[in-house]
Amino acid sequence: MHGEYKAPGGKLVVVDLDVSDGRLRNVRVSGDFFLEPDEALEEINTAIEGLPATAEARDIAARLQARLPEGTVMLGLSAEAVAIAVRRALTSASDWHDHDWRLIHEGPQEPALHMALDEVLAVEVGAGRRPPTLRIWEWASPAVIIGSFQSLRNEVDAAAAERYGVTVVRRISGGGAMFVEPGNTITYSLYVPESLVAGMSFAESYAFLDDWVLGALGELGVKAWYQPLNDIASDQGKIGGAAQKRLAAGAVLHHVTMAYDIDADKLTRVLRIGREKISDKGIASADKRVDPLRRQTGLPREQIIERLVAHFRGRYGLTDDRLTEEELRTAEKLVAEKFTDQAWTARVP
């Protein structure tokens, strides 16, 4: 069995092993990490050898940590990373390069259709009818998108939303409310099979699925990192946030919204907790704008998107694609039956 894991900001960890009578055997850890002393590698192998094949990652990591020689130095490597690689070997996890990635980047669409497309495309990937896909969103109108479990009236000032022409929709993933206007945010979704994040906890999979965008931002001169659980942060404030949904069909929906240039005053009027939401974005007044990507890159939004896509393509491969007629029909049906239905939007009043 073979498993690989590269922690965000770390090095590649590879584990090869066998399972015999429910125990881990012939364990071999390797990778491009740095480790001192040399003997520590054999101690790592020995610590894993004989563990139950059902051992959780946290238990494997604890065993490793306890067995490491005193004074061991690990660079680009951790006990947790080794443990995840072990679990990925045991669960036959897939790698980014095992998949034929597709890109969907179509013209502006209404908020409810975006919500429906997320559900439809995730189901299609889970069913094996669509390859894993990266979708870049374009917005046709301003919107507030609330998380699956948020209270509608606690999050949104309905009168202000109506006054500003802001549509309110509810997504299928959890997390907090997002305020978007056309041209002011960069939003993307990843639709991936569960095998890609096999062996990882929910928290670990968030950082794993967004490691590529941190690399792309770095190429743009933005020093960004992942702030658990689901924030992309920089030394000049929060850049964006992620949310996830695991579907019974065997797919993971992972989507991210990053601020390019948002009207902070309008945000605080439409979202009831708007001032708290902007307090971690490096601005002291709602009269200013939330513009980390515009300010830190100096680039038009379109160029940033082009650079993000180019980075993903160079790292994992990416074939340009479009929505199929059947996918679009199914999504439009969901818009009518679910995502514009008050029973869904106000399901948590």
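Reader: Before we start, what should I know about the model and its numbering?

Author: It's a predicted model, where local features need pLDDT of at least 70, side-chain atom pairs count only at pLDDT 80 or more, and totals for chains, interfaces and linings use all residues. Residues are numbered from 1 along each chain as its sequence is written, and side-chain values use heavy atoms, with hydrogens and water left out.

Reader: Okay, how do I read a nonpolar core?

Author: In soluble globular proteins, nonpolar side chains tend to be buried together. A core here is a set of buried Ala, Val, Leu, Ile, Met, Phe, Trp, Tyr and Cys residues joined through side-chain atoms within 4.5 Å. Buried means under 20% relative accessible area, exposed over 50%, and partly exposed in between (1.4 Å probe, protein chains only).

Reader: Which residues touch the most other members of the largest core?

Author: Those are I48, W96, W212, I232 and M258, in a core of 72 residues. Helix α3 (residues 79–90) gives the most to this core, 9 residues; helices (H or I, at least four residues) and strands (E, at least two) are DSSP runs, numbered from the N terminus. Apart from that core lies another, of 27 residues, including L117, Y191, L323 and F339.

Reader: What is I232 in contact with?

Author: Contact means heavy atoms within 4.5 Å. Skip the neighbours within four places in sequence, and the partners of I232 include W225, Y226, V256 and M258.

Reader: And salt bridges?

Author: Side chains of opposite charge can pair when their charged atoms come close. The cut-off is a side-chain nitrogen of Lys or Arg within 4 Å of a carboxyl oxygen of Asp or Glu. A search of the whole structure turns up 19 of them.

Reader: Is the pair R135 and D118 buried or exposed?

Author: Buried: R135 has a relative accessible area of 1% and D118 has 2%. Their closest N and O atoms are 3.2 Å apart.

Reader: Which parts does the K338 and E119 pair tie together?

Author: K338 sits in helix α13 (residues 325–339) and E119 in helix α4, so this bridge joins parts 219 residues apart in sequence. The N to O distance is 2.9 Å.

Reader: How many residues separate E325 and R329?

Author: They're 4 residues apart in helix α13, so about one helical turn separates them. E325 is exposed at 63%, while R329 is partly exposed at 47%.
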